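Here is a short report for a first look at this structure. Please keep the sequence and the 3D view open while reading.

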Amino acid sequence: MSEQHETPTPDPPSGGNPITPGSQASFGTYRRQPVSFVRRGTRLQGRRQQAWDEHAEAFVIDVPRHVADTSVHPDYVFDADAEFGRPAQEAPLIVEIGSGLGEAIVAAAEASPEQNFLAVEVYRPGLANTLLRIGQRGLTNVRVVQANAPEVLGTMLPPGSVSELWVFFPDPWHKTKHHKRRLVNDSFAELAARVLAPGGVWRLATDWSGYAQQMRSVVAASPDFRNAHDGERAGAASPLTAAWASGADCEPTGETDSVGGWAPRFEGRVQTSFENKALKAGRVIFDLTAVRE
Ligand SMILES: C[S@@+](CC[C@H](N)C(=O)[O-])C[C@H]1O[C@@H](n2cnc3c(N)ncnc32)[C@H](O)[C@@H]1O
């Protein structure tokens with residue numbers, strides 16, 4: 001698989017020295033941070049191409065771009081009421097970041113027709129697959145956008161417009177030198193807090209113990225969120241204790257997680273093929289739930 005880094009991205013609108021599009025400084029960055037993805041193939045074939053041709057007009061949000069082709073122009077604001085044809089008070093908006101093949105969001109949209117769903121994904125074949133599923137089920141309450149998530153949360157979605165934000169199995173970026181590419185960090189928490197309504201819920205899941213600890217720390221450090229399960233599932237009940245015992249994704253230490261804070265599995269999260277692979281490899285699944293203060 002050939003990998004290509006994200007194309008140039010914009011300088012922060014709030015000032016600083018502008019980054020010249022195409023310059024080294026702009027390569028693979030968003031607001032001076034590296035983006036959390038590498039570009040994979042965008043070509044569609046067969047059923048995915050057909051699904052795109054049939055359903056893109058109705059379900060893909062046509063976002064004005066800024067510099068990169070997965071960027072969002074900072075002046076563009078999503079109007080959910082107009083897009084879904086019903087007011088947000090009647091149909092709360094759930095946003096999934098990194099929706100992959102669309103398994104989770106389409107299942108949830110089918111189960112909850114009274115809610116609106118937005119899938120945010122940079123991987124075009126994944127979005128095409130999501131369209132395929134939407135079409136097969138005849139859903140009307142899902143839209144998809146091909147865009148870099150921090151830009152969607154930073155400017156595209158109005159403040160307080162989201163009732164739930166889902167980040168399930170974000171790319172783990174294992175190597176220490178790549179940790180700066182991880183999506184869930186302190187600045188992402190600020191963006192999540194921006195879009196979530198008070199009392200709104202941020203749900204996270206990962207199959208990597210190191211990233212799970214980072215997520216838990218990000219939630220704990222954020223003044224905008226409280227961990228809905230603070231202190232729960234510590235000790236022998238902690239998935240981290242299990243991971244440390246098994247050594248499936250780290251050196252087995254046999255230590256005990258005395259902090260806890262892990263949520264029970266979110267029942268609205270269907271088991272994706274991605275999660276299946278993790279389970280087959282013996283990895284432990286971590287769920288976290290944070291509530292917007
Ligand atoms: C490991 S996959 C998990 C997919 C899905 N959530 C699941 O559980 O099956 C992570 C996904 O996040 C997407 N992604 C990574 N960084 C992103 C970003 N900045 N904006 C939007 N999507 C992103 C990737 O393209 C990939 O499809």
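Asn-148 sits in the loop between S5 and helix H5 (149–156). The model is a predicted one. Is Asn-148 buried or exposed? Its relative accessible area is 2%. The cut-off for buried is under 20%, so Asn-148 counts as buried.

Which residues does Asn-148 contact, leaving aside its neighbours within four places in sequence? They are Tyr-30, Val-35, Phe-37, Thr-70 and Val-122.

Asp-171 lies in the loop between S6 and H6. Its relative accessibility is 45%. Leaving aside neighbours within four places in sequence, Asp-171 is in contact with Ser-36 and Tyr-211.

## The sheet

Seven strands form an open sheet. Their order is S5-S4-S3-S6-S7-S9-S8, and the pairing is mixed. Which strands are at the edges? They are strand S5 (142–146) and strand S8 (225–227), and each pairs on one side only. Neighbouring strands of this sheet are turned by 20 degrees against each other on average, direction ignored.

Asn-227 stands opposite Ala-290 in S9.

## Strand S6 and its partners

Strand S6 (residues 162–168) is mostly covered. Six of its seven residues are buried. Strand S3 (residues 93–97) pairs with S6 in the parallel sense over four bridges. S6 and S7 also pair in the parallel sense, over six bridges.

Trp-166 takes part in both pairings. Trp-166 in S6 is the bridge partner of Glu-96. Trp-166 also stands opposite Arg-203 in S7.

## Helices across the strands

Helix H4 (residues 124–137) lies across strand S4 (116–121) and S5. H4 runs at about 170 degrees to S5.

Helix H7 (residues 209–221) lies across strand S7 (196–206), S8 and S9. H7 runs at about 165 degrees to S7.

## Val-142 in an edge strand

Val-142 is found in strand S5. S5 is an edge strand that pairs on one side only. Is Val-142 buried or exposed? Its relative accessible area is 0%. That value is under the 20% cut-off, so Val-142 is buried.

Val-142 touches Phe-59, Phe-84, Ala-109, Phe-117 and Ile-134, not counting residues up to four places away in sequence. Val-142 and Phe-84 are 58 residues apart in sequence. Their C-alpha atoms are 8.3 Å apart in space.

## Two positive phi values

Most residues other than glycine have a negative phi. Trp-173 has a positive phi of about 45 degrees, although it is not a glycine. Trp-173 is found in the loop between S6 and H6. Asp-171 is in the loop between S6 and H6 as well. With a relative accessible area of 17%, Trp-173 is buried.

Arg-233 is not a glycine either, and its phi is positive, near 55 degrees. Where is Arg-233? Its place is in the loop between S8 and helix H8 (239–246). Arg-233 has 30% relative accessibility and counts as partly exposed.

Key: Residues numbered from 1 in each chain as written. Predicted model: local features only at pLDDT ≥ 70, side-chain atom pairs only at ≥ 80, totals over all residues. Heavy atoms only, no water. Pairing = 2+ DSSP bridges. Axes fitted to C-alpha atoms, helices over the stretch in contact; angles between N-to-C directions. Contact = heavy atoms within 4.5 Å. Buried < 20%, exposed > 50% of the residue type's maximum accessible area, 1.4 Å probe, protein only.
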